[in-house]
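Thanks for coming. I will go through one structure today, contact by contact, and I will keep it short.

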Amino acid sequence: QVQLVESGGGLVQAGGSLRLSCAASGRTFNSAMGWFRQAPGKERDVVSTITGDGSNTYYADSVKGRFTISRDNAKNTMYLQMNNLKPEDTGVYYCAASSANGLFTAERLYDYWGQGTQVTVSS
């Protein structure tokens, strides 16, 4: 059974940092993975994605220069380093994994999802 478990969320003041982790179990992921977030009252949107070998990454315009996605395939874990957090970064952050490789931004291309971790940024 495939499981993705996020951790690292929490409450932080604006300008602060958090590091999210997504640990995968049940199979080894050397394929596309990504982070999505759902702000209160809004649809879930892509934040950042990464290819299987980590060589290519995508960032939403709103997080470019502040967030860094990475992965450690030996540990079957993906990370999202979030710096200079803003109140508009508040939301539930989900990690996702695809069965295919590529730089995917569409949710429909991801087959596995975590349960989400709450990030709250206070002003």
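First, the ground rules. This is a predicted model, in which local features need pLDDT of at least 70 and side-chain atom pairs count only at pLDDT 80 or more, while totals for chains, interfaces and linings use all residues. Residues are numbered from 1 along each chain as its sequence is written, and side-chain values use heavy atoms, with hydrogens and water left out.

Let me start with the inside. In soluble globular proteins, nonpolar side chains tend to be buried together. By nonpolar core I mean a set of buried Ala, Val, Leu, Ile, Met, Phe, Trp, Tyr and Cys residues joined through side-chain atoms within 4.5 Å. Buried is under 20% relative accessible area, exposed is over 50%, and partly exposed is in between, with a 1.4 Å probe and protein chains only.

The largest nonpolar core has 25 residues, and the members that touch the most others are W35, L80 and M82. Two or more residues come from each of β3 (18-25), β4 (33-38), β5 (44-50), β7 (67-72), β8 (77-82), β9 (91-97) and β11 (117-122). Of these, β3 gives the most, with four residues. Strands here are DSSP runs of E, at least two residues long, numbered from the N terminus.

Take M82 as an example. Leaving out residues up to four places away in sequence, M82 touches G16, S17, L18, L20, R66, F67, Y93 and V119, where a contact means heavy atoms within 4.5 Å. There is also a second, separate core of six residues, including F36, A96, F104 and Y110.

Next, two neighbours. N76 sits in the loop between β7 and β8. Is N76 buried or exposed? With 12% relative accessibility, N76 counts as buried. The N76 side chain reaches the backbone oxygen of R27 at 2.8 Å. That is a polar contact, meaning a pair of N or O atoms within 3.5 Å; within protein, one must be able to donate a hydrogen and the other to accept it, and residues adjacent in sequence count only if both atoms are side-chain atoms. Beyond four places in sequence, N76 touches C22, A23, A24, S25, R27, T28 and F29.

T77 is in strand β8 and is buried too, at 10% relative accessibility. Its side chain reaches the backbone oxygen of K75 at 2.9 Å. Setting aside neighbours within four places in sequence, T77 is in contact with S21, C22, A23, R71 and D72.

Now the aromatic rings. Rings of Phe, Tyr and Trp (its six-membered ring) pair if their centres lie within 6.5 Å; planes under 30 degrees apart count as stacked, over 60 as edge-to-face and the rest as tilted. By this rule there are five aromatic pairs. F29 and Y112 form one that is edge-to-face, 5.5 Å centre to centre with 65 degrees between the planes. F29 is in the loop between β3 and β4 and Y112 is in strand β10 (residues 112-113), so this pair ties together parts that are 83 residues apart in sequence. F29 is buried, at 1% relative accessible area, while Y112 is partly exposed at 26%.

F104 and Y110 make another edge-to-face pair, at 6.3 Å and 80 degrees, and both residues are buried. F36, F104, Y110 and W113 form one aromatic cluster.

That brings me to R44. A charge sits over a ring if NZ of Lys or CZ of Arg is within 6 Å of the ring centre and within 35 degrees of the ring normal. R44 sits over the ring of Y94, 4.8 Å from its centre, and over the face of W113, at 4.0 Å from the ring centre.

Last, the salt bridges, each a side-chain nitrogen of Lys or Arg within 4 Å of a carboxyl oxygen of Asp or Glu. How many does the whole structure hold? The search finds four salt bridges. R44 forms one with E107, with the closest N and O atoms 3.0 Å apart. R44 is in strand β5 and E107 in the loop between β9 and β10, 63 residues apart.

R37 and D89 meet at 2.9 Å, N to O, and R66 forms a salt bridge with D89 at 2.7 Å. R66 and D89 are both buried, and R37 is buried as well. Shared partners join R37, R66 and D89 into one network.
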